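Let's take a look at a ligand site and then at one residue worth a visit of its own. The sequence and structure come up first, and the notes follow.

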Amino acid sequence: MQATAQAQPNIALVKYWGKRDQSRNLPAVPSLSITLDTLWTQTRVAFEPGLEADRFSLNGNAEPAHLARVSATLDRLRELAGCGHSAVVESVNNFPTNAGLASSASGFAALVTAGCAALGLEFGPGQRSRLARLASGSAARSIFGGFVEMPLDPHNDDLAMSLLEAAAWPLQVVVAVTSRAEKPTGSRAGMLQSAASADFYPAWVETTPRDFQQARAAVLGRDFSRLSEISEHSCLKMHAVMLSARPGLVYWNSATVDCLHRIRELRRRGNAVFFTVDAGPQIKAVCLPEHRDHTARALAEIPGVLEVISSGLGAGAQLLPAIP
Ligand code: DP6
């Protein structure tokens with residue numbers, strides 16, 4: 001009754017921000033992402049007869065703040081499997097947690113994948129994606145590798161699906177870490193605040209389906225400059241919504257802004273690179289492989305950049321023999 005799984009974070013190029021149904025955690029907008037390979041979460045789930053309550057640790061430390069969401073996910077799996085046992089969940093992240101690096105995406109994708117296997121639930125990626133979405137919208141996309149789309153499905157609960165394999169267009173991502181602190185407002189609270197109070201939110205919901213269709217076509221056509229234009233637009237539009245909430249949500253620091261300008265300058269000088277930023281201060285530069293090293297060096301020079309991590313595109317969530 002135990003299993004270990006690994007999942008990688010994904011970076012949205014058309015962002016998910018806002019929910020159309022909070023109780024089923026259904027997104028208000030379609031999204032499109034790339035799954036990374038260098039950053040990962042590894043999670044071991046062991047259901048133990050006689051254990052009084054679920055336990056959750058992250059990088060060796062008990063994490064009571066995250067336990068409720070972990071247990072709610074396990075409850076759905078226990079119900080499907082007809083199992084009443086509590087579980088010990090041990091997770092390890094090789095990157096900063098809750099700082100806008102999509103740790104909930106890789107975390108819940110790994111949890112669902114390991115939890116299903118531990119309970120003998122032989123679910124395919126579609127079913128696991130739906131279960132992961134209930135835990136965290138972006139986690140639905142980390143079940144798959146490469147380019148992943150999550151369209152809205154008005155007749156059913158949404159789930160993510162593969163759009164293009166990683167090997168078909170092996171882009172690179174350079175992550176500039178500008179803070180290791182936990183962000184003050186998590187994505188979930190931030191999106192609820194935006195939907196409730198941001199003047200720009202209705203325009204966001206109305207125009208994102210168009211961005212999604214255009215980004216999808218750019219990915220399928222391997223059109224980097226078109227994808228750059230749409231992705232930066234989706235990112236900046238999401239941050240405009242955040243800024244227009246009351247009180248306004250400012251996730252950036254000064255290094256974030258400096259990185260953003262530097263990436264545009266690199267592009268003006270002929271490098272195929274664009275930026276994206278999630279609900280945190282880290283910058284992700286997406287580029288063609290031949291421009292990765294130059295981009296990484298340029299971002300590492302910016303004051304306030306603590307670390308630069310390069311990653312290719314990776315696979316979806318997978319079972320592992322055990323945590324090494
Ligand atoms: C800014 O998936 O963390 O990273 O569904 O409430 O768990 P919940 O939200 P979450 O939100 C991710 C928001 C984002 C954009 C994105 O990944 O699409």
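## Around the ligand

In this predicted model, the side chain of lysine 19 puts an N or O atom 2.6 Å from an oxygen atom of the ligand.

| Residue (side chain) | Distance to a ligand oxygen atom |
|---|---|
| Lysine 19 | 2.6 Å |

On its own, the ligand has 460 Å² of accessible area, and the protein covers 94% of that.

Who else is around? In total, 18 residues surround the ligand, with Tyr16, Lys19, Ser136, Gly137 and Ser138 the closest. Sorted by class, the shell splits into six nonpolar, six polar and six charged residues. Helix α5 (residues 187–197) gives the largest share of the shell, three residues.

## A stop at asparagine 93

Now for asparagine 93, which sits in strand β9 (residues 86–93). Is asparagine 93 buried or exposed? Its relative accessibility is 9%, so it counts as buried, the cut-off being under 20%.

Beyond its neighbours within four places in sequence, asparagine 93 is in contact with Trp40, Thr41, Leu58, Asn59 and Ser103. With threonine 41, there's a side-chain to side-chain polar contact of 2.6 Å. As for asparagine 59, it is 34 residues away along the chain, yet the two C-alpha atoms are separated by 6.5 Å.

Key
Residues numbered from 1 in each chain as written. Predicted model: local features only at pLDDT ≥ 70, side-chain atom pairs only at ≥ 80, totals over all residues. Heavy atoms only, no water. Near = heavy atom within 4 Å. Polar contact = N/O pair within 3.5 Å; in protein donor to acceptor, adjacent residues only side chain to side chain. Areas by Shrake-Rupley, 256 points an atom, 1.4 Å probe, with all protein chains shown as cover. Helix = DSSP H or I, 4+ residues; strand = E, 2+ residues; numbered from the N terminus. Nonpolar A, V, L, I, M, F, W, Y, C, P; charged D, E, K, R; others polar. Buried < 20%, exposed > 50% of the residue type's maximum accessible area, 1.4 Å probe, protein only. Contact = heavy atoms within 4.5 Å.
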